[in-house]
Amino acid sequence: MKNFSNYNDFSRKEGLHFESKAVHGALGHEPLTGAVSFPIYQTSTFRHKELGTSTGYDYSRLQNPTRQELERTMAILENGLEGFALSSGQAANMIIFSWLNPGDHVVISDDVYGGTFRIADSIFANYGIRFTYVEMTDLEAVEAAITNRTKMFFVETPTNPLMKVVDVAAIADCARSIGAVTVVDNTFLTPYYQRPLDLGADIVVHSATKYLGGHNDTIAGVVVVKSQEMADHMRLQIKSHGNGLAALDSWLILRGLKTLPLRMERHNESAYKVAHWLREQTCVKRIYYVGFEDHPNYEITKRQTTGFGGMISFAVDSEETVKKILKNVDMIMFAESLGGTETLITYPTTQTHESIPEDVKQKLGITKEFLRISIGLEHVDDIIGDLAKVVS
Ligand SMILES: *Cc1c(COP(=O)(O)O)cnc(C)c1O
């Protein structure tokens, strides 16, 4: 019997632009009925005709058509072999670290997302995996951290929340030379602006909760890999952990992807204006924004990405100012998360980066005066207008 695996990916067609692939998804439409919007296959299980036959779908923990369409679409957008859709970005990170064996060593960015640090430090460390946290923009420090058991480099770029930009090609070269794999968390820029697999990475991970979904309404994660061996590993993990993304949520991410390029353009344009406006305000002491020409890694940004994204971090003059801002923003909301339609302002030290040890946060600059803002899709004048009431 025909199932979706028997159809070629429409969007792998030569010459199609990213925007068209994002709109049409992998298959272009649902080929069995012609449905333009890929249906939500809300079923736990699939009927078999007789012993020894299967439609290719047996049970939704293993494979579900809606999830499969999202996975194939993400594989295409990231230029990978296979994609995997999971119940959260954290679930995605879990199946990636499961690639490692006891005794293995990981070189990881020193300002990774707090939840990623928690997975490393509170879970995998207990299974005998060792982590060295390194300032990944410093290639000498990266090389110095390598041991004879180093099996993985885990990079976030731009980093969350300090917006450092890591040279993915250089890290991937270094990893390849010692037989290790490179993982890149591409949540902040998405494949619209940055494609880590093309730069030499082996695995891309996303919190699809953020820009891919894009509407602050779904928790999801995505992994894309280049090799069959890794694809088989990820499939086994999902089958065993049972952390595959549900059909409805897969559909929501597929729908989000259709407007990803448009949304990223607007996030990018508005963040550029807000960052430049913030720079003029006296209570703002420092801005972390990859689109500034004097950003220390601006050359790498220009080389490996095609946009700056919608994220800005900044430090103000005092904790009092922080309190004033978080209490008095009106349209902008004080909330965790990023990458959605609504502009959100976050206080990393007690929210997203709460699990990072206090001394490490101080060293990195994630202080009590530090804020992160995710520029949404409201009119930029309204975003600046709202900030102008509390920042000056
Ligand atoms: C949010 C986030 C995660 C975790 O994703 P969830 O979907 O919240 O589980 C991981 N990495 C980065 C960079 C994030 O911003």
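**Strands, rings and a helix in a predicted model**

Phenylalanine 334 stands opposite isoleucine 345 in β11. The structure is a predicted model, in which local features need pLDDT of at least 70 and side-chain atom pairs count only at pLDDT 80 or more, while totals for chains, interfaces and linings use all residues. Residues are numbered from 1 along each chain as its sequence is written, and side-chain values use heavy atoms, with hydrogens and water left out.

Helices (H or I, at least four residues) and strands (E, at least two) are DSSP runs, numbered from the N terminus. Strands of a sheet pair through backbone hydrogen bonds, either parallel or antiparallel. Here, two strands are taken to pair if DSSP finds at least two bridges between them. β10 and β11 (residues 344–346) pair in the parallel sense, over 2 bridges. They belong to an open sheet of 5 strands with mixed pairing, in the order β8-β9-β12-β11-β10. At its edges lie β8 (284–288) and β10 (333–334), each of which pairs on one side only.

Aromatic rings come next. Rings of Phe, Tyr and Trp (its six-membered ring) pair if their centres lie within 6.5 Å; planes under 30 degrees apart count as stacked, over 60 as edge-to-face and the rest as tilted. The whole structure holds 18 aromatic pairs. One of them joins phenylalanine 46 and tyrosine 57 in a tilted arrangement, 5.5 Å centre to centre with 35° between the planes. Both residues sit in the loop between α1 and α2, 11 residues apart. Phenylalanine 46 counts as buried because its relative accessibility is 14%, where buried means under 20% relative accessible area, exposed over 50% and partly exposed in between (1.4 Å probe, protein chains only). Tyrosine 57 is also buried, at 6%.

A charge sits over a ring if NZ of Lys or CZ of Arg is within 6 Å of the ring centre and within 35 degrees of the ring normal. Lysine 210 lies over the face of tyrosine 113, at 5.3 Å from the ring centre, and arginine 279 over that of phenylalanine 292, at 3.8 Å.
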